[in-house]
Amino acid sequence: MSSITQALALYDMAGQIERLRFQLRALPPAPAIPHLDSVTAQVHTLAGILTAVSDQVSHRLGLSSADAKKAVVVYSAALVPLGEAMTELGRLQAEVTFFNFTTYPRYHNSPSDLERQLRDINEIITGCRDAADEALEVAADELQAAAVELAHPPARVQAATPARTPRPVNSAQANPAPATPSPAAAPRALKSR
């Protein structure tokens with residue numbers, strides 16, 4: 001598998017993570033409670049990404065190229081922040097479920113108590129969403145950085161950079177006469193300061 005193919009696969013995975021981040025940020029802000037279906041869909045999406053990353057690690061373990069080994073390291077490193085994001089999204093899903101089926105039925109006839117419960121769950125939801133977004137950003141950044149490195153290894157970048165060609169030099173430019181300040185020039189330089 002070529003380094004370009006490896007790089008494209010890493011870019012694709014980073015793109016999937018960025019789309020999930022966009023969906024996560026599209027959840028309604030406090031004091032609204034996100035709809036359980038949308039949170040569940042995001043958990044399923046992240047589970048699919050985690051499975052795909054794990055599959056990429058397993059697939060590339062059998063390959064012997066240096067690029068494949070590099071991809072294994074990068075995918076393996078991405079599993080950590082993706083796992084953290086899954087923890088936070090799972091917690092968010094659990095809190096929304098608990099609110100919908102336990103807290104709201106219990107307090108819906110008591111506005112002041114319900115307002116306090118809403119404030120508490122909104123703090124938790126916001127914290128979970130922010131933590132998941134940060135973890136997903138780390139994973140996407142790692143994958144994108146590795147993709148750039150695989151697509152443009154240092155040797156190729158240097159080879160692709162055109163060598164500087166010397167400009168034709170005339171004899172006057174090649175051996176300029178030593179500049180000696182004339183007595184008339186010195187006072188002008190002092191005046192300009």
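Reader: Is the crossing of H1 and H4 left-handed or right-handed?
Author: A crossing is left-handed if the near helix is turned anticlockwise from the far one by less than a right angle, and right-handed if clockwise. For H1 and H4, the crossing is left-handed.

Reader: What kind of model is this, and which atoms do the side-chain values use?
Author: This is a predicted model: local features need pLDDT of at least 70, side-chain atom pairs count only at pLDDT 80 or more, and totals for chains, interfaces and linings use all residues.

Reader: How many helices and strands does the secondary structure come to?
Author: Both are DSSP runs, numbered from the N terminus: helices are H or I with at least four residues, strands are E with at least two. Along the sequence the pattern reads α-α-α-α-α-α-α. The count is seven helices and zero strands.

Reader: How do H1 and H4 run relative to each other, roughly parallel or roughly antiparallel?
Author: Axes are lines fitted to C-alpha atoms, for helices over the stretch in contact, with angles from 0 to 180 degrees between N-to-C directions. Angles under 35 degrees count as roughly parallel, over 145 as roughly antiparallel, 65 to 115 as roughly perpendicular and the rest as oblique. The axes of H1 (residues 3-25) and H4 (residues 111-151) come within 8 Å and cross at roughly 160 degrees. That makes the pair roughly antiparallel.

Reader: By class, which residues has the contact of H1 with H4?
Author: Ala, Val, Leu, Ile, Met, Phe, Trp, Tyr, Cys and Pro count as nonpolar, Asp, Glu, Lys and Arg as charged, and the others, Gly among them, as polar. The H1 contact with H4 has 19 nonpolar, three polar and six charged residues.

Reader: At roughly what angle do the axes of H1 and H3 cross?
Author: H3 spans residues 66-107, and its axis comes within 11 Å of that of H1. The two helices are therefore roughly parallel. Their angle is roughly 10 degrees.

Reader: Which residues in H3 do those of H1 meet?
Author: Contact means heavy atoms within 4.5 Å. H1 brings Ser3, Gln6, Ala9, Leu10, Met13, Ile17 and Leu24. They meet Asp67, Ala68, Ala71, Val74, Tyr75, Leu82 and Leu89.

Reader: Is arginine 21 buried or exposed?
Author: Arginine 21 sits in helix H1. Leaving aside neighbours within four places in sequence, its contacts are Asp133, Leu136 and Glu137. Buried means under 20% relative accessible area, exposed over 50%, partly exposed in between (1.4 Å probe, protein chains only). At 9% relative accessibility, arginine 21 is therefore buried.

Reader: What does alanine 135 touch, not counting residues up to four places away in sequence?
Author: Alanine 135 lies in H4 and is buried at 6% relative accessible area. Alanine 85 is 50 residues away in sequence and 5.5 Å away in space, C-alpha to C-alpha. The residues touched are Pro81, Glu84 and Ala85.

Reader: What does glutamine 117 touch, not counting residues up to four places away in sequence?
Author: Glutamine 117 has its place in H4. It counts as buried at 16% relative accessibility. It touches Thr103 and Tyr107.

Reader: Is the peptide bond from alanine 30 to proline 31 cis or trans?
Author: Proline 31 lies in the loop between H1 and H2 (36-61). With omega near 10 degrees, the bond is cis.

Notes. Residues are numbered from 1 along each chain as its sequence is written. Side-chain values use heavy atoms; hydrogens and water are left out.
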